[in-house]
Amino acid sequence: MHVIWQNLPVILDGLRLTIQYSIAAIILMVIIGLVAALMRLSRFKVLQWIATAYVELFRSTPLLVQLFFIVLGLPAILPVNEWFGQLLYPVLAAAITLSLNEGAYVTEIIRAGILGVDRGQKEAAESIGMTGIQTMRYIVLPQAFKRMIPPLVNQAAQTIKDTSLLAPVGIVELVYKGEVVIAATFESFKIWGLIATLYFIIIFSVSKCASYLERRLQVDKR
């Protein structure tokens, strides 16, 4: 236990960074997913094609490959490090890549939620003079959101776990800090056990909060 207590501040600093990356990625993935889902449901073919291409591209390639390509590959052909700064670009690129990857899955979750709303309610809204935007804002999205909670929570948990893939591209977070501690102490069993425990606590807490929210909103689980 001595090695854990001695290196706990380093591990907790990595945990803080993991939580920050997770929060940023979850917020961005929902925004990206909502925009892309609305584009896929648009009547304009160009928007449908762009959103479909985005979803298929990011769902059909591994996240780790995307991170290597954007974080380490793009600087080889574009002066992105000069544009954004050598220290800022890798962090910014990693966070955006993670958000885009998770957003592709969220796009399909939101699209399925919107399509799950009874069409009769949309027609009723249109019959009383509501515009398409008003119907989506006040009728469709509130009902679709309740149906989306369980899959969105699963995707949020997956996003938290996927932050561990930032370490191979040199982004400092929980796994990265753990590897540094292990390299100095050779106590891999204890440190990896601690890291796994911290991930479990975070994701289990997220799941419990989502279950509480789901009960409060009285989601139909049938």
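This is a predicted model: local features need pLDDT of at least 70, side-chain atom pairs count only at pLDDT 80 or more; totals for chains, interfaces and linings use all residues.
## Helix 3 and its buried face

Helix 3 spans residues 63-73. Its buried residues are Leu 63, Gln 66, Leu 67, Ile 70 and Val 71. Viewed down the axis of helix 3, these buried residues fall within an arc of 100 degrees, so they line one face of the helix. An α-helix has 3.6 residues a turn, so residues three or four places apart point the same way.

Several other helices take part in covering the buried residues of helix 3. Among them are helix 2 (45-59), helix 5 (88-115) and helix 7 (132-162).

## The largest pocket

The largest pocket has a volume of about 610 Å³. Its lining is made up of 17 residues, and those that lie nearest the centre are Leu 41, Arg 43, Gly 132, Ile 133 and Met 136. Two or more lining residues come from each of helix 5, helix 6 (119-127) and helix 7. The largest share belongs to helix 7, which gives six residues.

By residue class, the lining of the largest pocket holds eight nonpolar, three polar and six charged residues.

## The second largest pocket

For the second largest pocket the volume is about 370 Å³. This pocket is lined by 18 residues, with Ile 26, Leu 152, Val 153, Ala 156 and Val 206 nearest its centre. Helix 1 (2-40), helix 7 and helix 9 (188-216) each supply at least two of the lining residues. Helix 1 contributes the most, with eight residues.

The lining of the second largest pocket consists of 16 nonpolar and two polar residues, with no charged ones. In the largest pocket, by contrast, six of the lining residues are charged.

## Phe 186

Most residues other than glycine have a negative phi. Phe 186 has a positive phi, about 65 degrees, although it is not a glycine.

Phe 186 sits in the loop between helix 8 (174-185) and helix 9. Its relative accessible area is 70%. Exposed means over 50% relative accessible area, so Phe 186 counts as exposed.

Definitions and conventions:
Residues are numbered from 1 along each chain as its sequence is written. Side-chain values use heavy atoms; hydrogens and water are left out. Buried means under 20% relative accessible area, exposed over 50%, partly exposed in between (1.4 Å probe, protein chains only). Helices (H or I, at least four residues) and strands (E, at least two) are DSSP runs, numbered from the N terminus. The arc is that of the directions from the helix axis to the C-beta atoms. Contact means heavy atoms within 4.5 Å. On a 1 Å grid over the protein atoms alone, a cavity is a set of points where a 1.4 Å probe fits but cannot get out, and a pocket is an open set with protein on both sides within 12 Å along at least five of seven lines; lining residues have an atom within 4 Å of a point. Grid points are joined across faces, edges and corners, and a volume is the space filled by probe spheres set on the points. Ala, Val, Leu, Ile, Met, Phe, Trp, Tyr, Cys and Pro count as nonpolar, Asp, Glu, Lys and Arg as charged, and the others, Gly among them, as polar.
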